[in-house]
Amino acid sequence: MNVIITEFMDAPAVAALKSKFNTTYDETLVDRRAEMLAGLAECDALIVRNRTQVNAEVLSHAPKLKVVGRLGVGLDNIDVAACKARGIEVIPATGANALAVAEYVIGTAMLLLRGAYQSSAAVGEGKWPRGPLSNGRETAGKTIGIVGFGGIGQLTAKLAQGLGMLTVAYDPMIADDAALWNAHHTKCMTFDELLATSDVVTLHVPLLDATRNLINATRLAAMKSDAILINTARGGIVDEAALAAALRAQKLGGAALDVFDEEPLKAGSPLADCPNLILTPHIAGVTKEANTRVSSLIADRVADFLQHATS
Ligand SMILES: NC(=O)c1ccc[n+]([C@@H]2O[C@H](COP(=O)([O-])OP(=O)(O)OC[C@H]3O[C@@H](n4cnc5c(N)ncnc54)[C@H](O)[C@@H]3O)[C@@H](O)[C@H]2O)c1
């Protein structure tokens, strides 16, 4: 059986696959598409992160493909319907990086609410900007509005409650009277109620037609003028130009974006140099610990699948 890994995977997980299968690991293969395609003819299992587009072109070059392992959660780089039509199993690392994302949300929420950590240069130069930095806000008692109450949303609620935050959420796929809301000590709200109520709004929905531009100029205007917006879900869910305009006009307290319409962000983006904005390069779910969990989960599940496919 032949396994091809086109993006970064933790070394022990690669070694585990190599001990069982003919495994090719090249984390730069994603950037050499023609070479990658040419190598797929005998491929039984393909393992990718979020940069390898597993589309009709890939499938047409991989006639023996049985399983795609995704070192992460979002499946928007994989044509899941085409895989299903060919009987190819798609295995995401559901849950394995949830804690990394939830901690990122809490960390950036605290940074942006407090607003006091950009003073290193000034303090180093002997300035003492106590006045402008004395109005930061505490996290306890604030309301965090969680949009999409799945695995990451629920874990974020748990961490936020540990800090004394009130948790509210919007998720149209979960019934208003579902037992889950009480179990997670979280109030179910309409989207409008959540936007009007929350000091921090954090997004944990997949990118779908229904969630594209979910946070647009109208929704931003419906948020509290000092609220914080955090998007670790997917680019395309937040209208980047509208967000930049709201921050520049001080109609929003701050924002953190880990995901973008186009990654890497293009030069000249309206987001560049925006006030009170934290930009990170799609790493919310990527920590040492999460890498280990994601890689070992995918190595185990892909190996199980291939072994069952041959038994
Ligand atoms: N930045 C990163 O590094 C990173 C890492 C992991 C996951 N993610 C992203 O985080 C997102 C959430 O992941 P998860 O594991 O919690 O997924 P999940 O499937 O467990 O939860 C998603 C939730 O969104 C809800 N939902 C669907 N459509 C909705 C809508 N229109 N409005 C409100 N809620 C809606 C679903 O009912 C579900 O409860 C995914 O998009 C994933 O791609 C990003």
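Author: On a 1 Å grid over the protein atoms alone, a pocket is an open set of points with protein on both sides within 12 Å along at least five of seven lines, and its lining residues have an atom within 4 Å of a point. This is a predicted model, in which local features need pLDDT of at least 70, side-chain atom pairs count only at pLDDT 80 or more, and totals for linings use all residues. Residues are numbered from 1 along each chain as its sequence is written.

Reader: What volume does the second largest pocket have, and what makes up a volume?

Author: The volume is about 470 Å³, a volume being the space filled by probe spheres set on grid points joined across faces, edges and corners. The lining has 20 residues, of which Leu112, Arg114, Gly115, Ala116 and Asn276 lie nearest the centre of this pocket.

Reader: Which element gives the most to the lining of the second largest pocket?

Author: Helix H5 does, with 4 residues; helices are DSSP runs of H or I with at least four residues, numbered from the N terminus.

Reader: Why are H5 and H7 called oblique to each other?

Author: H5 and helix H7 (residues 151-162) pack at an angle of about 50°, with their axes 9 Å apart. Angles under 35 degrees count as roughly parallel, over 145 as roughly antiparallel, 65 to 115 as roughly perpendicular and the rest as oblique, and H5 and H7 are therefore oblique. The contact, meaning heavy atoms within 4.5 Å, is made by residues including Ala98 and Leu99 of H5 and Ile152 and Leu155 of H7.

Technical notes: Heavy atoms only, no water. 1 Å grid on protein atoms, 1.4 Å probe; cavity = no way out; pocket = protein on both sides within 12 Å on 5 of 7 lines; lining within 4 Å. Helix = DSSP H or I, 4+ residues; strand = E, 2+ residues; numbered from the N terminus. Axes fitted to C-alpha atoms, helices over the stretch in contact; angles between N-to-C directions.
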